[in-house]
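Thanks for coming. Please have a look at the slide.

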Amino acid sequence: MSALPLSTLLLNLHNAASAAGRPDPLLLAVSKTQPASAVAALAAQGQRAFGENYVQEAVAKIEQLVTLGLEWHLIGHLQSNKAELAARNFDWVQSVDRAKLVAALAAHRPADRDALNVLIQVNIDDEGSKHGCTPEQVPALAALIAEQPRLRLRGLMAIPAPWPEAERRVQAFERMRGLFDALAVRYPQVDTLSMGMSADYAEAIAHGATMVRVGSALFGARH
Ligand SMILES: *Cc1c(COP(=O)(O)O)cnc(C)c1O
């Protein structure tokens, strides 16, 4: 996939949202495998939020770019033995999918930083190969997160299967939106539904994404 200028991508997001009568979603620029210089170039154009998959790779960039005051989101699977490093360095963790991780993140969030923003990752298409909790596990996990003062429950994240049939993709997005709406009724601070990537962001926005995670459409193919 070739890269779009940031302004063009933002216009695409705006058009998809306004066609659906929805507010503009937030753009998370997915910078995994990209050098810190590519992040800095996008930051110079006004992009603030960046997503990374691998904790160590991200921490190196976060440290290099600390003076830019960017917002860093972990979107990759988090192993429990990396929870401390993640809790110390990220602003958001979008891949929380089990109770053990909730406890580890809460225990290690430094007292001098704001509460860590957390999304629950849902394996919405029940794919054996994917991380994420089941839809049925969301309420119990949400309750655990909500009782931790060092964590702030903000919503849900999903990576739906890339079904060739549009109808199946749409059904997954709509199931996520249903789960999200139910969660937002229970927890007033819940405001984020993270779904949609380079190939399907317009569809995800039409079905209620409030944040899209875009990598290759912004940076070009990953090296
Ligand atoms: C890599 C990745 C993205 C971005 O994917 P693109 O297809 O390059 O836009 C989004 N979300 C997650 C969880 C990813 O791992």
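What volume does the largest cavity have? It comes to about 30 Å³. Before going on, the ground rules. This is a predicted model, where local features need pLDDT of at least 70, side-chain atom pairs count only at pLDDT 80 or more, and totals for chains, interfaces and linings use all residues. Residues are numbered from 1 along each chain as its sequence is written, and side-chain values use heavy atoms, with hydrogens and water left out.

On terms: we work on a 1 Å grid over the protein atoms alone; a cavity is a set of points where a 1.4 Å probe fits but cannot get out, and a pocket is an open set with protein on both sides within 12 Å along at least five of seven lines. Lining residues have an atom within 4 Å of a point. Points are joined across faces, edges and corners, and a volume is the space filled by probe spheres set on them.

The structure holds one cavity of 30 Å³ or more. Among the residues lining the largest cavity are Q121, I124, D125, H131 and I159.

Now the largest pocket, with about 320 Å³ of space. It has 17 lining residues, and K32, N53, I75, I159 and M197 are the closest to its centre.

K32 is the residue with an annotation. An unreviewed UniProt entry lists it as "modified residue: N6-(pyridoxal phosphate)lysine"; such annotations may be inferred rather than shown by experiment. K32 sits in the loop between β1 (26-30) and α2 (36-44), helices (H or I, at least four residues) and strands (E, at least two) being DSSP runs numbered from the N terminus. Is K32 buried or exposed? It counts as buried because its relative accessibility is 16%, and buried means under 20% relative accessible area with a 1.4 Å probe, protein chains only. Beyond its neighbours within four places in sequence, K32 is in contact (heavy atoms within 4.5 Å) with G51, E52, N53, E57, K61 and R222.

Last, the packing. A nonpolar core is a set of buried Ala, Val, Leu, Ile, Met, Phe, Trp, Tyr and Cys residues joined through side-chain atoms within 4.5 Å. The largest has 64 residues, and F50, L105, I120, L156 and L218 have the most contacts inside it. A second, separate core of five residues includes V30, A49, I75 and M211.

A172, in helix α7 (residues 166-186), is buried, with a relative accessible area of 0%. Leaving out residues within four places in sequence, A172 contacts I124, D125 and P160.

Methods. Buried < 20%, exposed > 50% of the residue type's maximum accessible area, 1.4 Å probe, protein only.
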